[in-house]
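Dear colleague,

Please find below the structure I promised to pass on to you.

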Amino acid sequence: MKANIAIIGTGGTIAGRGESSVNTSAYACSVVSVDEILSGIPELASLANLQAEQLLQMGSENFATEHLLLLGSRISRLLQQDHVDGVVVTHGTDTIDETAYFLHLTLKSMKPVVVVGSMRPPSALSPDGPLNLYNAILVASSPASRGKGTLVVSNDEIHTARDVVKTSTFKLESFRSPYGPLGYVVEGMPRYYREPARSHTLETPWSIEEIDRLPEVGIVYAHGGIDAGMVDAVTNARMSGIVYAATGNGNVAEHVVGALLRARREGLHVVRASRTGSGVVIRNGAQPDDKYDWLVVDDQAPQKARILLMLALTREARSAELQRMFHRY
Ligand code: SIN
């Protein structure tokens, strides 16, 4: 029996169109409707019973917290319907890793949710969107995908939303997880080789149904010669937290420490992360976090640490508990 899969269109390159078939990097995004995308892939009809809706039509760089909440609520309502077996979201690739992680932490269902995009628009020579979407629907339809939280399917790989990040502006193999994908889709069959290690969906304290707003958290990207005023700008904007994407293993330049201490005094939580792209930031390693009452990110990318801190702050203000969340999710 075919699975019933709900598809939600939100825009991105997978909904893009170039002036010519050789436009693989310069093209209009978010112009093709989800119905048009689906009708361009006749092979989908034999995979699953599909119902599609256009929730948003925008580049994912424009996604704000209100869009995360809107999308999460809609998916949650669909997952509660008995006849829906899984949900696929078509999404721009730029912030797909942030949206997917947000859904991974806030949806309350065993049913598969797959977020999918493409690096080339459907109008390009060798577009990747049709196969990515085909594979995403296969993954969402598979009983083997139940209980794995939100997944990102790209370039024949199945990634857990917790780990995956976009690593290239144009390559088809842009999506990488530091510990590798959970599995692959080969010849129409999802093949899993490992499980998400960290708590998600049913095992988190956050339910999309209970969140109506998220606190603001800013990211400051460190570099040689950084002006400490970058940190002050986040503090002065009355945000609730700063993720400091530090150099190396979480090093903070001496002249920036004072600005981060001031941020903490003013009530913002400070999280030391790394701009390197992989690896762990150790508590009390490069900086005395206990003394400063700062947090460390564990191994998360700064943009995902921001999502986690926003969610964490909806339930918790105590530093020790916030730190525990970074080591758990
Ligand atoms: C976007 O993220 O919406 C634009 C880029 C893409 O989808 O690849």
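**Active-site annotation and surroundings**

Leaving out residues up to four places away in sequence, T93 touches S60, G117, S118, M119, K166 and F175. Please bear in mind throughout that the model is predicted. T93 sits in the loop between β3 (86-90) and α3, and it counts as buried because its relative accessibility is 6%, under the 20% cut-off.

An unreviewed UniProt entry annotates T13 and T93 as "active site". Although these two residues are spread over 81 residues of sequence, they cluster in space, with a largest C-alpha distance of 7.4 Å. T13 belongs to the loop between β1 (3-9) and α1 (34-39) and is likewise buried, at a relative accessible area of 7%. Beyond residues up to four places away in sequence, T13 touches Y27, C29, G92, S118, M119, R120, P121 and P122.

**Helix α3**

Helix α3 (residues 96-106) contains L103, which is buried at 0% relative accessibility. Apart from neighbours within four places in sequence, L103 is in contact with L71, G72, I75, V115 and T150.

**The C-terminal domain**

The unreviewed UniProt entry lists residues 217-326 as "domain: Asparaginase/glutaminase C-terminal". Over this range the chain is 40% helix and 17% strand, and the end C-alpha atoms are 15 Å apart.

Within helix α5 (residues 229-236), the buried residues are V231, V234 and T235. Viewed down the axis of α5, they fall within an arc of 100 degrees, so they line one face of the helix. These buried residues pack against β11 (217-221), β12 (241-246) and α6 (254-265). Just after α5, R238 adopts a positive phi of about 60 degrees.

**The largest pocket**

The largest pocket has a volume of about 380 Å³. It is lined by 24 residues, of which S274, G277, A301, P302 and Q303 are the closest to its centre. At least two lining residues come from each of β7 (165-166), β11 and α8 (302-313). By residue class, the lining comprises 10 nonpolar, 8 polar and 6 charged residues.

With kind regards

Conventions
Residues are numbered from 1 along each chain as its sequence is written. This is a predicted model: local features need pLDDT of at least 70, side-chain atom pairs count only at pLDDT 80 or more; totals for chains, interfaces and linings use all residues. Side-chain values use heavy atoms; hydrogens and water are left out. UniProt positions are given in the numbering used here, feature names are shortened, and annotations may be inferred rather than shown by experiment. Helices (H or I, at least four residues) and strands (E, at least two) are DSSP runs, numbered from the N terminus. Buried means under 20% relative accessible area, exposed over 50%, partly exposed in between (1.4 Å probe, protein chains only). The arc is that of the directions from the helix axis to the C-beta atoms. Contact means heavy atoms within 4.5 Å. On a 1 Å grid over the protein atoms alone, a cavity is a set of points where a 1.4 Å probe fits but cannot get out, and a pocket is an open set with protein on both sides within 12 Å along at least five of seven lines; lining residues have an atom within 4 Å of a point. Grid points are joined across faces, edges and corners, and a volume is the space filled by probe spheres set on the points. Ala, Val, Leu, Ile, Met, Phe, Trp, Tyr, Cys and Pro count as nonpolar, Asp, Glu, Lys and Arg as charged, and the others, Gly among them, as polar.
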